[in-house]
Amino acid sequence: MAALDQQASTTQHGQAALKGAPHRIVIVGGGVGGLGLATRLSDTLGRNGSARIVLVDRWPTHFWKPLLHEAASGQLDPATHQLQYAVQAQRHGFEFEQGELGALDRAQKHITVKALHDADGREILPARQLAFDTLVLAMGSVTQYFGVPGAAEYALPLESVAHAEAFRRKLLDACLRASHARRAQPLQAHAPVSINIIGAGATGVELAAALRDTVRLLNRYSPFSLDPVRDFRIRLIESSERVLPALTETISARAQRMLVKLGVEVLNATRVTEVRADAVLTSDGAPLASDLAIWTAGISGPPVMRALDGLAVNRNAQLLVSRSLQSTNDTNVFGLGDCAACPAANAGAFLAPRAQVAHQQALFLARALQCRLAGKTLPEFVYRDAGTLVGFGREGTIGNLSSSLLMRPVFVDGWLATVVYKLIYRRHVMTLTGFGRMTFDTASHWLRRRVQPVIRLH
């Protein structure tokens with residue numbers, strides 16, 4: 001019956017697009033999946049006039065989230081890696097609306113975008129209603145603090161460029177404060193700058209390694225003249241028995257050794273019970289001194305997902321979708337990326353929130369929505385794991401690579417892993433801007449790194 005309902009709905013939408021105005025596709029969220037989907041649909045359905053594509057995002061620019069740890073550590077200037085939505089819209093022919101999703105009316109088939117305000121609270125854009133024939137929710141995720149007291153108040157998340165910049169600024173302030181204290185009282189013993197990273201998934205591990213590189217680079221400059229080893233204490237706190245618990249034990253053990261070599265203190269099987277302004281409390285009892293704390297321990301769907309006119313969501317506020325990526329209780333609504341709970345090949349399991357999942361889902365939906373407008377039965381999404389790579393800064397990259405040509409995932413490290421790791425981002429840029437612009441973009445970044453300081457000091 002569900003399949004018949006889907007077929008009837010698909011046929012109706014295909015006929016409507018042929019008879020009247022262009023089919024209206026509204027995509028909420030301009031991350032890896034949302035922006036990639038808007039670009040592809042505009043180059044196909046938009047270009048031939050069969051669909052009108054609208055992208056909605058609360059920020060004016062797109063930034064590839066796997067680079068946030070580099071921005072937070074000061075080794076990357078996010079301004080040089082951001083893509084303006086308005087520019088991408090002009091180049092590819094879709095529309096961009098800046099604002100945050102506020103409400104959904106499924107009966108009337110429109111969403112409400114909240115009013116946009118400036119830093120002083122003055123209204124820039126009023127609340128707006130956008131009509132749709134097909135709605136795609138690609139809003140990513142938010143930090144899940146699991147109810148730990150003080151975590152939301154004193155542990156920074158790492159969801160956006162704004163969060164990365166806030167952490168970087170706090171890091172520089174802490175270093176300036178510590179450097180001044182040591183110069184003013186050279187004979188007095190001083191506590192090291194303590195940085196606590198809560199959560200040893202890929203983001204936490206990469207941030208810990210990047211911060212070790214950062215404190216080494218900061219030592220070159222007199223305002224931050226601190227000993228990279230003696231004057232810093234970087235802790236990585238993980239509630240599981242090992243770092244990178246989602247990956248194999250081989251990769252996890254290798255990652256642990258690399259972190260220890262870098263001078264990162266790894267606390268496995270340690271549960272954070274409270275975060276304070278100056279300390280992190282754990283299940284071990286003793287408080288850990290904390291100048292900065294950042295939370296990378298878990299995610300959930302955006303809170304607004306629970307209030308979207310009865311759409312079915314799971315306990316993590318993720319949209320429940322079928323294998324066609326349609327909402328389980330509304331065939332006009334699709335979900336992709338971190339905000340969607342998509343069934344995995346294993347019964348009862350769901351795909352992990354990863355950039356490559358969102359990328360593949362965007363490719364799938366670009367084809368599936370063409371089928372929808374043509375009145376054809378929608379295909380089912382099949383995820384193909386390409387592997388996982390984790391970067392450790394100057395220590396290199398490790399992980400595994402998968403392919404349909406390989407019998408099993410292959411462990412990689414050394415120069416090959418580092419090259420592939422860097423190419424993943426370049427592929428993302430090429431997908432959005434084309435080979436020519438990606439090439440010039442790569443060259444400009446290479447030149448900047450040779451004429452500008454390797455670390456941001458302001």
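Trainee: How many of the six residues of strand β13 (residues 193-198) are buried?

Mentor: This is a predicted model, where local features need pLDDT of at least 70, side-chain atom pairs count only at pLDDT 80 or more, and totals for chains, interfaces and linings use all residues. Residues are numbered from 1 along each chain as its sequence is written, and side-chain values use heavy atoms, leaving out hydrogens and water. Strands are DSSP runs of E (at least two residues) and helices runs of H or I (at least four), both numbered from the N terminus, while buried means under 20% relative accessible area, exposed over 50% and partly exposed in between, with a 1.4 Å probe and protein chains only. β13 is largely enclosed by the rest of the structure, because the buried count is six of the six.

Trainee: Which residues of β13 point the other way from Val193, Ile195 and Ile197?

Mentor: In a regular strand, side chains alternate between the two faces of the sheet. Val193, Ile195 and Ile197 point one way from β13, and the residues pointing the other way are Ser194, Asn196 and Ile198.

Trainee: Through which helix does the chain cross from β13 to β14?

Mentor: Strands pair if DSSP finds at least two bridges between them. β13 and β14 (residues 232-237) pair in the parallel sense over six bridges, with Arg235 as the bridge partner of Asn196. The β-α-β crossover is right-handed, meaning that, with the strands pointing away from the viewer, the path from the first strand over the helix to the second runs clockwise. The helix on that path is α7 (residues 202-218).

Trainee: Which residue of β19 stands opposite Ile197?

Mentor: β13 also pairs with β19 (residues 292-295), in the parallel sense and over four bridges. Opposite Ile197 stands Ile294.

Trainee: Which strands stand at the edges of the six-stranded open sheet?

Mentor: The order is β5-β2-β1-β11-β23-β22, with mixed pairing. Each edge strand has a single partner, so one side of each is left without a neighbour in the sheet; they are β5 (95-98) and β22 (326-327).
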